[in-house]
Amino acid sequence: MKLKLKNVFILIFCILILLSNINLLSLNAEPYISYNYDRWGDAVPSQAGYIVKRTVSGNDIGADSFDEPSDIFFDGDKFYVADTGNNRIVSIDSSLENVSEVYDSFKMSDGSLTTLEKPEGVFVSDDIIYIADTQNSRILIVNRDSEVISEITKPDDEIYDNNKTFLPKRVIADKAGNIYSVIENITTGCAMFSPEGKFKGFYGSNRVEPTFKVIRNHFMNIFMSDKKKERRTRTVPTGITGFDIKGDFIFTCTESSDVSADRVKKLNPSGKNIFADKDVVFGDYKPKYDTSYYNIHDSTICDIDISDSGNINCLDFSTGHIFQYDEECRLLFIVGTLAGQAGGFEKPSAVESAGENIYVLDSRKNNITVFTETSFGKTVHKAVELYNTGYYEEALDLWYEVLRRDGNYTYAYNGTSFALLRKGDYKNSMKYAKMAGNSELYNKAFEEYRSVFLKENSGKIFIAVTAGIVVTVLRKIRKRRKRRS
Amino acid sequence: MMDLTQRQWLKHAVTHIFEGFEDMRWKKSGSMKIALFILFMFFFAEIAHERLYGFQFYAVYDRTFNIIPYFIKTIVLFMAWTVGNWSVCTILDGEGTMKNIFIYSAYALVPYISQMYINTILSHFLVRDEYIFMQAVEIIGTLWTAILIFSAVKSVHQYTILKTFSALFLTVVSMFIMLALLVLFMALIQQIYIFISTVYMEIVYRIRA
C-alpha cells in the first residue's frame, strides 16, 4: 500500500515536470535557431544572447502607423524615427510607450513654414535635430521647437560633381558640430560639412577590391580606344550605406554583397580605416542557401550601430540577422531572421541600441522590434568588457560560466586560455587554447610551460643526457675491442 | 669486397650520395621488400606530417579525415614517377628495368621521409621562434633526396650527367601527360556512364508505362 502511494506521487511529480517543460518550451518564441561559428568557421547552434521582448508599431504608441520608416536614433533620452512615407519625424519616450512629439513642419528663419519630403535619416545631438530630408535634397538642422537653424543644400563646389543629384540618406554630427552625410549614388565617401554648413569634401571612401574582373578590365583598357572605354562599366568603389559615431570614431558599412573589402570600417578623424588590416569577414562566412525561396543570401550589411559598451551591431538586410561584434571585431551573437513572427523581419532598415536592448526598424512591417539581453548574453558582455579592458583574470570566472552554458562558444575558450596564461596555469591555458583553435595563443602558453618544465627538471635532464653519452661511448669502445680481438 | 646485407646496402646508398647507387648496381643489389617498406613509410609520413603536427605551428581541420589525398600524394605519385621514368628511359637507351627504377627511387626518398618524421616530432618540442631549426632540417632532407634521385637515375640507366638532366625533365613531362590522359579517361568514363544510365532509365520508364 505504502509502495503504491509512493508510485502515485512519483507519477504526479513526473506529470508536473512534463507540464513545466512544455511551458518552458513555449517561452522560446523566436522563429529561428540562434547560431554561432565554431573554431573551424562552421555554423553551430548556440545559446541565444538576445531574445525578442516585444514589437512596437505606430499605433501602439499613439501616433498613426508608420509608413516605410527608414531610420531610428536614440539620444539617451528619446527615440527618433524617420517615418519616411508619412513625411515626419516621430519622437518617442525611452520606454517606447508613448509618442512625445511629431515633427512634420518647421518654421524657417523668415517665418514661412516648410515640410519634409521622404526623410530617410535622423540624428540628434545637443538638442539639435539633423534631418536628411531626402527628396527635398537638403539636410535640415532644427531645434526641438521646430525652428530651422540652418539648411544644407547641394554644395556648389568643384569637388562635388554638378551632374550628380544630392539625396542625403543618413546624417550624423560629431562633437565639434561637423556634419557628415551619406548621399545616394555617391561612391566617393560621405559628404562632410562644417558646423556652418559649408561643404568640406568627402570622407572615408571605400577601396576598390582587386577582383579578377577589375584586373582584367584594367589590362583590357590599355588596348582600347577612348570611345570604347566610355561604354564599358567603370570600376568604382561601393558607396557607404550606413554609419554611426562613437567618440572620435565613425563606423561605416556598405550594402554591397559581392565585395568583402571595407564592408565595415572604423574611421579615425583623419579618415583612416582602423579595421583595414583585420582579417574578419563581417556577416555570414558562407552565403546562406534559403530552401524555401531557392536563392542564396549573401550578407548585405545595410546599417550599423555602436552600443554604449562599444559593441558593433551590423544589420544584415538579406538574411535579417544582426551580427554583434565586440570592439576587436570578434563575433558575439547573431540575432534575428526573416520571418513574419515577432523576432523576424521583412525588410529591416535600421538598427539602434540602448543599454541592454537592440531595436530594429522594419520598413515593411512598419514596426520596431525590441530585443533584450538574456542572462547568457549579460554574462558574455560582462566578460568581454573585462577582457577588452585588460582585466583578464577577473573575467575568468565569467568565462567559465559562459562555457558551462554553451560549450560551443569559441570566444570563451580564448578568454579562458588568456586568463589562465596570465595566472601562470600554463598547462590548462594550452588546453583551452587548443579548444579555441588558437595556435598563436597555444604557442605562447607552450613556451612558458616548456621553460618552467626545463627549469624544474634541469637536473634530471642533465643526468639523463650524460648517462646516454657515457653508455654510447662505452658501447663503441667495447665494439672496437671485439673487432680487434 | 662490398659484402653487405640488404640493410647495409640501404645505408651505403643513402650516405654515399655519388657512389652508392653505382656500387649497388655493380653488385646487382637492392631489395624490393625494403623499397615497399619505404614507400609505406612515406605514406604514413605524409599523414603524420599533416595530422600530428604540433598545434603551435598550425591548427589542422580535424573534423573530417579523408585518406585518398594522402594516398595520391605519395603512392600514386611515386608509381607515376616510376612508370614515367621507365617509359622515357626505355626510349632513351636506359638500362634500368622497372623493378630497379622502383627500388632505387625508393631508396633515394629516405632522407626526405626522415625529415618529415623528424620535423613532426620536433614540432612538439619547439615554439614558433625556433622554426628555423625545423626549416633547416627540411631543406637538408629535401636537397639530399634531390641529389640522391639524380644519382639514382644516373646509375640505374648508366647515363651521363647531361642525359640524366634531360631524362629527369622528360619524366616530369611524361607524368603531366599521364595526368592529362587520366583526366580525359575519367571524363570519357563519365560520359559513357551517363549514356548508359540514361538508356537504362528510358527502358525502365517505358516498361512501367
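In which sense do strand 23 and strand 24 of chain A pair, and over how many bridges? The pairing is antiparallel, over five bridges, with strand 24 covering residues 312-316. This is a predicted model in which local features need pLDDT of at least 70 and side-chain atom pairs pLDDT 80 or more, while totals for chains, interfaces and linings use all residues. Residues are numbered from 1 along each chain as its sequence is written, and chains are lettered from A and ligands numbered from 1 in the order in which they are written.

**View 1. An open sheet of four strands in chain A.** The strand order is 23-24-25-26, with antiparallel pairing (strands are DSSP runs of E, at least two residues, and helices runs of H or I, at least four, numbered from the N terminus; two strands pair if DSSP finds at least two bridges between them). Strand 23 (301-306) and strand 26 (331-335) of chain A are the edges, each pairing on one side only.

**View 2. Helix 6 and helix 7 of chain B.** The axes of helix 6 (residues 110-122) and helix 7 (residues 131-157) of chain B come within 8 Å and cross at roughly 170 degrees (axes are lines fitted to C-alpha atoms over the stretch in contact, with angles from 0 to 180 degrees between N-to-C directions). Helix 6 of chain B is therefore roughly antiparallel to helix 7 of chain B (angles over 145 degrees count as such). Contact residues (C-beta atoms, placed from the backbone, within 7 Å) include Tyr112(B) and Ile118(B) of helix 6 and Phe133(B) and Trp144(B) of helix 7.

How values were computed: Angles under 35 degrees count as roughly parallel, over 145 as roughly antiparallel, 65 to 115 as roughly perpendicular and the rest as oblique. Two residues are in contact if their C-beta atoms, placed from the backbone, lie within 7 Å.
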